[in-house]
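Please find below a colleague's note on the structure shown here. It is set out as numbered points for discussion.

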Amino acid sequence: MSLHVERVLLLTKVPLFSYLRTDQLSRLVPLLEPVAWPKGERVFDKGDLGLEFYIITAGRIGISVDPDPSRPVFINELKAGDCLGEMALIDNEPRSATAHVLEDTQALALDKEKLHGVLMTYPELGIGMMRALSQRLRAINSSAIKK
Amino acid sequence: MGRINTDGMLPGFRNTAASFFFRALPDYMRGRAQALLTGLILPLGLLGAALFLWLMPDGAPLEWVAAGGMVFAVALLWVKLQKNEAYGESLMELVGQSVFAEDRDKAAELGSLDRKTAFRLAEHMRQANTIQVMNNYADMLESLAREHAGAAMLHVYPDLPPKLQDQLLLRIARLAPKAWEVVVWEAAKRGDAHLAETTARHLLAVNFPAALEQAPAWLETSNPRLRASAAVGLLRGNTPALRTRARETLETLLASPQPDHYLAALGALGAMPHEELLQAIRPRLVDESTRARVLALKIWSHCGQHEVSEAREIIDWALADPSHEVRAEAIRAAANLKIPDQADLEWLGAALRDPDYRVRRAGQACAACFLPKDQAAWASLVAANKTDFELQAAMVSVLAVSDIENRIDILNQMSGRHVRLARDKLLIMENLPSPEGASSEAFSLLRQVLREEAHRHLDAVLQILGCLDQSSQMSYIRAGLSSRDKNLWAQAMESAMQLKHEGRLFRELVTLFEAVREGVSLGGEPPGGKHALAAWMAWCQEFGSEWLTKCACYCLDSKKEVS
């Protein structure tokens, strides 16, 4: 029971789910699968087929858009509470970036089919998704301007 | 006189107008209000004061001035009351422009359509390119011109594409306008196989002679769907000569291992259930095909009396099915069952809380079948019901349109209970300690859950108010109050407070809404008294939802771990 509530607590901090009530988040929790990667591994490479998206519960992940997936040139760094991989699930295009595991990382995964079901069940989630994507776009824009 | 003018009259005009205009107006309208104030209200005030001084004779006694002031004060009060009313209405209009809210009065005002208008409406069905659009027109026809709906639909039927004809045929057969059989028979001859099957079923069910002539050939055809449709039509039509053959055909199809055979039989029986085949249907309730399970459940629930224990087992099983289609059909089937004590609210509650919105919609659509039909049962249900928001929302919708005599009292009672629970939850939230360390997150979550539940209680009050008062005004207010836009919310709340009947309740609601949205302190004592954490947790478990109960337990556990 406490694990369930702890996962809800984690989801409350995810911008993607900011428009959902905690009881709705509680119904989402059973759909999430725990996954983990050791430091140095890659979660996915640019161009891969996107089937899942992840919510990081612990650890750090670096995002690189370099055409060579092995080159760690990061444009963004994600930490606990951040999401990754949702773009490919929305636009059905291959992964637009490579995700490098910077330290041992744990995450919760939601697959494409379940995400679509959840979106149909909680349309508010769509607004949360737009908000998260928009925040990421702003972050990338501002880092591009600084350069 | 000068002092009366500057200290009394001018501020009287200016302050009244300022408070009228500025408190709730959005920014883009404040400039206009300012212009009105300086360009019209102030000069009018000055003119009034000048008139008063001009009319006052020289050396008039002071009592005259006092009397003049009295008259002015009464006039100002009258103007203020009038303005208040107009202000409320104009605010309402403003809110109405900014929100989308269903205006039920409009549909009611339309009344019943005459034959000519019904036929004109049916003409629009020719342009319908999807089943949904056509069904919307058909729904409008049935609700607004029931008398002419069948004839109007039949008029456009031959020109529709076969896919739409297939859907419309069911309504036409139900409404049975004059000579419908001939029109649909002719339309079916044009070659669409699916339409031919549906037409055969409906025409055989009404013993249409031309279709009966074809029936023996249809029962022998290699197409399982046409065979099944014809057999089901014959069973319903009760033609003694072909009845036995029809039943045997269906039994063979249902027992077949080939999915297209048994699905054809289930599909035909699903559209026109018949209890004679109940035994052959039962094994398909647990078939591996989702479609077969859905259809079998539908047919089973429409066929005769069932044993209570068997029915409970089947419905419980189906409500736990992994497919949303089966779960949605399960709740519809439960609503159809003609067994005693069918009012099992657990089934309804499970459907209304289902993670899939389609199952929840199915639950909402048939909620009335599960809820009491008499006053006493309603009273005990309301008293016994714990905090199950989904179930209560369904209860309110059903009760509001029921013919229970004291439904308004019951709804008011429910609304009062929601207000009390919202207040108590907010008071507990306010008084919860903020411990440091491991249990801080748990308490923070509990605080959030209490706030969310208080908000849901207030939404429930708004829903009840919407049912009690179905005017467009209340629709606008409810939509405005649900908005995340602070300005719109404030306008809606201010409009609500101007309402004659519910103004007092809204004044109470405004305090609670402010506590939920802005964290404004309510300043009262929580249930169980101050500093009574154990009592609050027990209260949460008794009066909270299932989720709040879980969170309260989690909080207690985390506190124990820390200590």
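Predicted model: local features only at pLDDT ≥ 70, side-chain atom pairs only at ≥ 80, totals over all residues.

1. Overall make-up of chain B. The secondary structure of chain B consists of 30 helices and zero strands. Of its 563 residues, 36% are buried. When contacts between residues at least 6 apart in sequence are considered, 65% of those in chain B link residues at least 24 apart.

2. The nonpolar core. The largest nonpolar core contains 166 residues, and B:M153, B:I172, B:A265, B:I331 and B:C551 have the most contacts inside it. Helix α25 of chain B (residues 440-468) gives the largest share of this core, twelve residues. Both domain 1 (130-359) and domain 2 (414-562) of chain B are represented in this core, each with at least three residues.

3. Packing of α8(B) and α10(B). Helix α8 (residues 162-175) and helix α10 (residues 193-205) of chain B pack at an angle of about 10°, and their axes are 9 Å apart. Because angles under 35 degrees count as roughly parallel, α8(B) is roughly parallel to α10(B). On the α8(B) side the contact involves B:P162, B:Q165, B:D166, B:L169 and B:A173, which meet B:H194, B:L195, B:T198, B:T199 and B:H202 of α10(B). By residue class, this contact comprises four nonpolar, five polar and one charged.

4. B:E181 counts as buried because it has 20 C-beta neighbours inside 10 Å, and the cut-off for burial is 20 or more. Apart from residues up to four places away in sequence, B:E181 touches B:L203, B:V206 and B:F208. The C-alpha atoms of B:E181 and B:N207 are separated by 9.9 Å, with the two residues 26 apart along the chain.

5. The contact between the chains. How many residues does each chain bring to the contact? Chain A provides eleven residues and chain B provides 14 residues. On the chain A side, α1 (2-12), α2 (22-28) and α4 (112-121) each supply at least two residues, and α2(A) gives the largest share, four residues. The chain A residues that touch chain B comprise four nonpolar, four polar and three charged.

Conventions: Residues numbered from 1 in each chain as written. Chains lettered and ligands numbered in written order. Contact = placed C-beta atoms within 7 Å. Nonpolar A, V, L, I, M, F, W, Y, C, P; charged D, E, K, R; others polar. Buried ≥ 20, exposed ≤ 12 C-beta atoms within 10 Å, placed from the backbone. Core = buried A, V, L, I, M, F, W, Y, C linked by C-beta atoms within 7 Å. Domains from an automatic or database assignment. Axes fitted to C-alpha atoms, helices over the stretch in contact; angles between N-to-C directions. Parallel < 35°, antiparallel > 145°, perpendicular 65-115°, else oblique.
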